[in-house]
Amino acid sequence: MAGAPTTRHSRDVAGEPALIASELRVVLGQLVRRLRAEHRFGLSQGAVLGRLDREGARSVSDLAASERVRPQSMAQTVADLEHDGLVARRPDPGDRRRALVELTAEGRAALDTERRDREGWLAEAIDALRPYEQAALAEAVALLRGISEK
């Protein structure tokens, strides 16, 4: 069919980093759009809540550096979450000039609900894969994490 999108398989682009990067951007874009449709929070808000859950209280500047965004952008994200009662600020015991952002009980409950809802469809899709496909996906996740941390 003329003009129909084609799908490349990994063997078609293996050894061609520019083509792999292009395909990866397309697929990640599709996945991000699907995740956004399933989210109660925006992606940046969900990322902050998840990081605070995993790592504990952090300063706005630490969150900005971890999420690779401008401190001003992170300050707005935190302000929005604080307005919604999902996070609270408290003085840093090691440096009273700084404030630490932490999850509230409401934020933790909202994050737990969000995770169950969001991961439900994704877990079901992964569960439908063959065992060797699940193993390959787990390897890909580890590789993508490594790339994202460079």
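This is a predicted model: local features need pLDDT of at least 70, side-chain atom pairs count only at pLDDT 80 or more; totals for chains, interfaces and linings use all residues.
Start by selecting α5, residues 71-83.

Now show the side chains of M74, T77, V78 and L81, the buried residues of α5. Look down the helix axis: these buried residues fall within an arc of 95°, so they line one face of the helix. Then turn to the face pointing away from that buried side, where you will find the exposed residues Q72 and H83.

What do the buried residues of α5 pack against? Colour α3, α4, β1 and β2 to see their partners.

Next, select β1 (87-92) together with β2 (95-103). They form a hairpin with two residues between the strands, and their pairing is antiparallel over six bridges. Within it, find R89, which stands opposite V101 of β2.

Stay on V101 and bring up its contacts. Beyond its neighbours within four places in sequence, V101 touches L52, A57, R58, V60, L63, V78, V87, A88 and R89.

Finish with the largest nonpolar core, a set of 16 residues. Among the residues with the most contacts inside this core are V101, V87, V78 and M74, along with L49, L52 and L63. Highlight α3 (43-55), α4 (60-67), α5, β2 and α6 (105-127) as well: each supplies at least two residues of the core.

Notes. Residues are numbered from 1 along each chain as its sequence is written. Side-chain values use heavy atoms; hydrogens and water are left out. A nonpolar core is a set of buried Ala, Val, Leu, Ile, Met, Phe, Trp, Tyr and Cys residues joined through side-chain atoms within 4.5 Å. Buried means under 20% relative accessible area, exposed over 50%, partly exposed in between (1.4 Å probe, protein chains only). Helices (H or I, at least four residues) and strands (E, at least two) are DSSP runs, numbered from the N terminus. Contact means heavy atoms within 4.5 Å. The arc is that of the directions from the helix axis to the C-beta atoms. Two strands pair if DSSP finds at least two bridges between them.
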